[in-house]
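Dear colleague,

Please find the structure below, handed over for your own work. My notes on what was found in it follow directly after.

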Amino acid sequence: MSNGEHLIDVENLYMHFPVTAGVLQKKIADIKAVDGISFYIKRGETLGLVGESGCGKTTTGRCILQLYDGIRGDIFFDGVNLSQLKPEQMRRMRRNMQLIFQDPFASLDPRMSAGDIIGEPIKVHNLAKGQEYRDQVAELFRMVELEPFMMDRFPHEFSGGQRQRIGIARALSVRPSFIVCDEPVSALDVSIQAQIITLLERLREELSLTYLFIAHDLSVVRNISDRVAVMYLGKIVEITDSDELYANPLHPYTIALLSAVPIPDPVVDRTRERIILTGDVPSPIMPPPGCNFHPRCQQAIDICKTELPELRNMGGEHWVACHLVK
Amino acid sequence: MATTTDEVVLEVKDLQTYFYTQEGEVKAVDRLSYHVKRGESVGLVGESACGKSVSALSVLRLIPYPPGIIVGGQIIFRGQDLLQLSEEEMRGIRGNRIAMIFQEPTTSLNPVLTIRRQISESLELHRGLDKEQSHQETVRLLRLVGISDAERRAEAYPFQFSGGMQQRIMIAMALSCDPELLIADEPTTSLDVTVQAQLLEIMAELRERLGTAVILITHNLGVVARYVDRVNVMYAGRLVETAPTDELYGNPKHPYTIGLLASVPRLDSERKESLRIIKGLPPNLSRLPGGCSFHPRCEYTFDRCREEVPQLEEVAPGHFRSCFYDADKLRK
């Protein structure tokens with residue numbers, strides 16, 4: 001299935017990683033990192049993906065980019081089913097979809113100059129040579145508000161925020177239409193975070209980009225996203241418009257997650273209800289039966305323990321997977 | 001909020017902690033003064049390298065020498081200047097009367113000792129309990145921080161716990177000697193929000209119950225708004241603004257504080273409400289600009305800011321700031 005309005009369509013995506021043991025590396029279990037999710041991203045929109053560590057948000061992003069073997073389910077990019085592409089076709093397709101990493105310190109090769117880091121994808125995909133190549137790299141520097149004279153410097157000479165700009169410029173170098181931003185600001189200081197968020201928003205407008213914005217910080221995600229999907233233990237529990245998610249959250253997990261985020265204004269914050277979840281997220285190797293969230297849910301009833309809730313549309317494209325929501 | 005009294009537990013006066021590196025003298029903490037009362041929770045906020053952690057480590061005299069050294073000031077804890085004590089006397093205070101919780105529980109716990117061994121060490125050392133008593137006490141502390149099945153889990157090793165659980169253990173350990181002052185340095189930064197909420201609630205409850213004074217160091221302005229009575233904002237090693245929490249958030253009077261508050265995305269703000277940006281980068285501490293350290297990034301800078309270092313002055317009761325610009329003309 002594909003819809004002209006959608007750039008990305010994910011259908012029944014599963015990504016299980018084997019757990020092996022012993023000398024023969026026999027498979028003893030599966031980590032169900034992503035466990036049957038479906039969603040779409042419209043052209044030109046930002047879909048936020050939030051959830052706590054280990055909920056499968058990063059794995060989902062990487063599945064869309066086909067960075068694993070053993071992905072089950074279908075992922076359509078602009079109507080093309082990526083799982084049916086030959087390796088060579090996929091290689092060309094990759095130019096359209098890029099990734100920005102969390103840690104700007106770990107994701108840049110320390111022995112390459114900033115100019116080479118940013119220009120490498122242009123060479124790999126044979127997009128430009130000679131003077132044209134140099135012009136393009138200089139243009140990319142300006143696009144992310146770095147000075148082209150910094151081209152010959154090495155990563156260690158840049159601050160965290162500047163390195164993230166280099167990572168963004170590298171992703172933009174092959175002129176993609178879709179970018180997976182995986183926690184792009186979580187390693188940065190507050191004032192630098194705001195600079196990078198603003199930069200990403202400006203670039204999206206100017207270059208008509210579509211983003212999947214993965215982060216654990218709900219305030220950041222809400223600020224940048226048009227719609228937000230909330231993940232818990234490999235599954236999407238709620239997906240809706242980002243204003244609606246804050247004004248009218250339906251899933252008990254979303255409600256608890258929102259209430260755990262303090263608002264930097266003591267007068268406003270004091271008026272909010274606080275729900276403190278107990279316990280930790282269960283292991284994705286043996287997720288609880290029924291609704292994944294039931295052991296931590298204060299409202300769980302019998303059906304939650306046995307039956308998996310489906311993601312249902314509650315009207316106005318507000319989807320939620322909970323037996324209690326009528 | 002806990003009941004605070006006027007009893008001052010800790011008073012930091014003109015603290016100067018410098019580091020001597022190849023790049024030259026680094027004034028990590030420069031003439032910092034603040035105090036914490038009994039049962040009060042004080043927040044130290046600012047971005048990386050603003051000196052918030054160094055100032056906390058200075059209180060416990062844990063600055064590695066070389067390269068760091070406390071070159072001036074006083075740290076008065078219960079009427080006693082900690083900087084005048086011998087190393088031996090200091091050991092009687094650390095972990096006993098002043099406890100500290102660090103950001104990374106994984107690196108702060110000893111991986112090869114059971115949880116019981118690690119907690120009972122300080123109980124036996126500082127409180128003089130025998131083996132049996134300290135065992136009982138360990139179990140009690142683990143229950144206090146919400147670890148179920150404490151009896152059995154006391155015998156487990158750190159790797160058998162999640163990050164959130166390890167941080168609970170750190171809190172249990174910090175509380176083991178009923179400290180008068182607890183310093184928490186980014187205690188929840190590496191944890192998920194729901195776990196962060198659990199831990200901060202535990203800490204708030206214990207403060208209420210035991211009257212412990214708390215210094216909470218964090219870059220998270222939301223956490224500060226929820227859990228702190230008074231906020232100290234630091235920039236480039238100096239205190240730039242200090243006020244009771246409601247006053248600081250409702251009425252910020254330093255351009256840096258205003259900029260910081262405007263640059264945090266808020267859960268309750270309209271989507272796509274654009275963030276206001278503080279331009280530029282935090283300064284390199286070994287090459288600080290002259291005058292006010294914030295002037296190159298400040299939108300209100302005028303001549304005086306480049307030449308003179310502003311001192312803290314009171315703008316409202318209990319509200320101090322260091323800035324030359326007219327407080328009433330600042331844009332919020």
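**Salt bridges, aromatic pairs and surface patches**

R140(B) is partly exposed, as its relative accessible area is 41%. Please note that the model is a predicted one. The side chain of R140(B) forms a salt bridge with that of E137(B), at 2.8 Å from N to O. E137(B), by contrast, is buried, with a relative accessible area of 11%. Both residues belong to helix α5 (residues 131–144) of chain B, and because they are three residues apart there, about one helical turn separates them.

K305(A) and D302(A) meet through their side chains in a salt bridge of 4.0 Å, N to O. They are three residues apart in helix α11 of chain A, and therefore about one helical turn separates them. K305(A) is partly exposed at a relative accessible area of 41%, while D302(A) has 61% relative accessibility and so counts as exposed.

In chain B, R152(B) and D149(B) are also joined by a salt bridge, at 2.7 Å from N to O. R152(B) counts as exposed at 57% relative accessibility, and D149(B) is partly exposed at 41%. Elsewhere, salt bridges with shared partners connect E145(A), R165(A), R202(A) and E206(A) in one network. Over all chains, the count of salt bridges is 40.

Turning to the aromatic residues, the search of the whole structure gave ten aromatic pairs over all chains. One of them is the edge-to-face pair of Y232(A) and F293(A), with 5.1 Å centre to centre and 85° between the planes. Y232(A) is in strand β9 (residues 227–232) of chain A and F293(A) in the loop between α10 (266–270) and α11 (302–306), so the pair ties together parts 61 residues apart in sequence. Both Y232(A) and F293(A) are buried.

In chain B, Y235(B) and F294(B) make an edge-to-face pair, with 5.1 Å centre to centre and 80° between the planes. Y235(B) lies in strand β9 (residues 230–235) and F294(B) in the loop between α11 (255–263) and α12 (303–307), 59 residues apart. Y235(B) is buried at a relative accessible area of 5%, and F294(B) is buried at 4%.

Two surface patches in chain B complete these notes. Y20(B), Y65(B), I69(B) and V71(B) make a nonpolar patch of about 410 Å²; I69(B) lies in strand β4 (residues 68–77). E121(B), E124(B), D130(B) and E132(B) form a negative patch, and E121(B) is exposed, with a relative accessible area of 51%.

Yours sincerely

Definitions and conventions: Residues are numbered from 1 along each chain as its sequence is written. Chains are lettered from A and ligands numbered from 1 in the order in which they are written. This is a predicted model: local features need pLDDT of at least 70, side-chain atom pairs count only at pLDDT 80 or more; totals for chains, interfaces and linings use all residues. Side-chain values use heavy atoms; hydrogens and water are left out. Patches are made of residues with over 30% relative accessible area and no salt bridge: like charges are joined within 9 Å, nonpolar side chains (Val, Leu, Ile, Met, Phe, Trp, Tyr) within 5 Å. Accessible areas come from the Shrake-Rupley method with a 1.4 Å probe; for residues, only the protein chains shown count as cover. Lys and Arg count as positive and Asp and Glu as negative; His and the chain ends are not counted. The place of a charge is taken as NZ of Lys, CZ of Arg, CG of Asp or CD of Glu. Buried means under 20% relative accessible area, exposed over 50%, partly exposed in between (1.4 Å probe, protein chains only). Rings of Phe, Tyr and Trp (its six-membered ring) pair if their centres lie within 6.5 Å; planes under 30 degrees apart count as stacked, over 60 as edge-to-face and the rest as tilted. Helices (H or I, at least four residues) and strands (E, at least two) are DSSP runs, numbered from the N terminus.
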